[in-house]
Amino acid sequence: MPQATEYISLHALDKWPLAVMSMAIPQLALVTIFLFKRRLLQARLNVMNVILCLGYYAILALYVAYVVKGYEPIAEQTLAGAEWYLNLWAAIPLVNIVLTMMATRRILKDEALVRAADRLR
């Protein structure tokens, strides 16, 4: 078993990044819906939302790795032999990534169509 000083303790991080990202991702998605008149800004915010979702999964993977490998004592116990699972709700950011990428692609196609129409005038 590794010494506690060799690894960053998740108690020190207080596990708040997942909570912050869980609140920031839907808020950013809601804001981008109402920016339909500013398509380029909407596309940039969509890319930022995808990056946040990927960061959410990176932090979740870090948390699971620490808990499953037993590096994180929870209530003076380690969970090295414990079984763990992710429920269906953990897949929502993945669905968000796919749908946001599809929306960004269509937003950029719409912007190209508007610019082409402006050239014809």
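Predicted model: local features only at pLDDT ≥ 70, side-chain atom pairs only at ≥ 80, totals over all residues.

Guide: Residues are numbered from 1 along each chain as its sequence is written, and side-chain values use heavy atoms, with hydrogens and water left out.

Visitor: Why is the contact of D110 and R39 called a salt bridge?

Guide: The term requires a side-chain nitrogen of Lys or Arg within 4 Å of a carboxyl oxygen of Asp or Glu. For D110 and R39 the N to O distance is 3.8 Å, so the pair qualifies. D110 sits in helix 4 (residues 92-120) and R39 in helix 3 (residues 39-68), so the bridge ties parts 71 residues apart in sequence. Helices here are DSSP runs (H or I, at least four residues), numbered from the N terminus.

Visitor: What makes E111 and R39 a salt bridge?

Guide: Their closest N and O atoms are 2.7 Å apart, which meets the rule. This pair also links helix 4 to helix 3, across 72 residues.

Visitor: How do you know whether E111 is buried or exposed?

Guide: Buried means under 20% relative accessible area, exposed over 50%, partly exposed in between (1.4 Å probe, protein chains only). E111 has 13%, so E111 counts as buried. D110, at 33%, is partly exposed.

Visitor: What joins E111 and R115?

Guide: A salt bridge, at 3.0 Å from N to O. The two are four residues apart in helix 4, about one helical turn. R115 is partly exposed, at 46%. Salt bridges with shared partners join R39, D110, E111 and R115 into one network.

Visitor: How many salt bridges does the rule give?

Guide: Three.
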